[in-house]
Amino acid sequence: YNEQFAVKRQAEKYLHQKVTNFKAHPIVVEKSTSVYDAIVQLFLEDVGTLYAVDLEGHLAGVVSRKDLLRAAIGNQNLQELPVSVIMTRMPNIVTIFPEETLYEAAKKMINYHVDSLPVVKEVDKQSNTYLLVGRITKTTITRAYLELMEEKVD
Ligand code: ADP
């Protein structure tokens, strides 16, 4: 019983760690980038999702593998088509703040059926604009779980 309790406490402690301590570098494209160049970028950076930003560097959209595949099976000129046409845009993007927890990140990814969340800071409350500071993926949560099981926590 005691051991079970200790494992649960450890898991809770782990999931309540801050997003900021686990976030990865976001892979970014400018929103006028072509779908063709975005596909190349996806392979070069070895990621599943790209984040699109506007000229001010604010988060404008999310471009996933399926978004790119959908565009590619249409008969469009991928060199001419900007990612802004195919991306999921603000305000429909599910985001997370650096001071939120891995638990909250895991819940959002499951509830919204997405593989990753952009980690953002609010530029100002009125304008609904966000600065991109990182990304959290399902891999992040899996890695945190492994670290827990390998007892790298004290
Ligand atoms: P995949 O396309 O590889 O299955 P996802 O499941 O993450 O990747 O994406 C599914 C859809 O959800 C795509 O249309 C994508 O643009 C969108 N999407 C991905 N991440 C987010 C997010 N954080 N917020 C809103 N929409 C997202």
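H113 is exposed, with a relative accessible area of 71%; exposed means over 50%, buried under 20% and partly exposed in between, with a 1.4 Å probe and protein chains only. H113 lies in the loop between α5 and β5 (116-124), and its phi is near 55°, a positive value in a residue other than glycine. Helices (H or I, at least four residues) and strands (E, at least two) are DSSP runs, numbered from the N terminus.

This is a predicted model, in which local features need pLDDT of at least 70 and side-chain atom pairs count only at pLDDT 80 or more, while totals for chains, interfaces and linings use all residues. Residues are numbered from 1 along each chain as its sequence is written, and side-chain values use heavy atoms, with hydrogens and water left out.

## Other backbone features

D46 is found in the loop between α2 and β2. Phi of D46 is near 55°, again a positive value in a residue other than glycine, and D46 counts as exposed at 69% relative accessibility.

A cis peptide bond joins M90 to P91, with omega near 10°. P91 has its place in the loop between β4 (88-89) and α5.

## Packing of α5 and α6

The axes of helix α5 (residues 102-111) and helix α6 (residues 138-149) come within 10 Å and cross at roughly 135°. Axes here are lines fitted to C-alpha atoms, for helices over the stretch in contact, and angles run from 0 to 180 degrees between N-to-C directions.

L102, A106 and M109 of α5 make the contact with K138, T140, I141 and A144 of α6, where contact means heavy atoms within 4.5 Å.

## Nonpolar cores

The largest nonpolar core has 17 residues, and those with the most contacts inside it are V35, L50, V63, L68, V83 and I86. Such a core is a set of buried Ala, Val, Leu, Ile, Met, Phe, Trp, Tyr and Cys residues joined through side-chain atoms within 4.5 Å. Elements giving two or more residues to this core are α2 (35-45), β2 (49-53), β3 (59-64), α3 (65-73) and α4 (83-86), and α2 gives the most, with three residues.

Leaving aside its neighbours within four places in sequence, L50 is in contact with I27, V29, A38, Q41, L42, G61, V62 and V63. Apart from this core lies another, of 15 residues, including V94, L102, A144 and L148.
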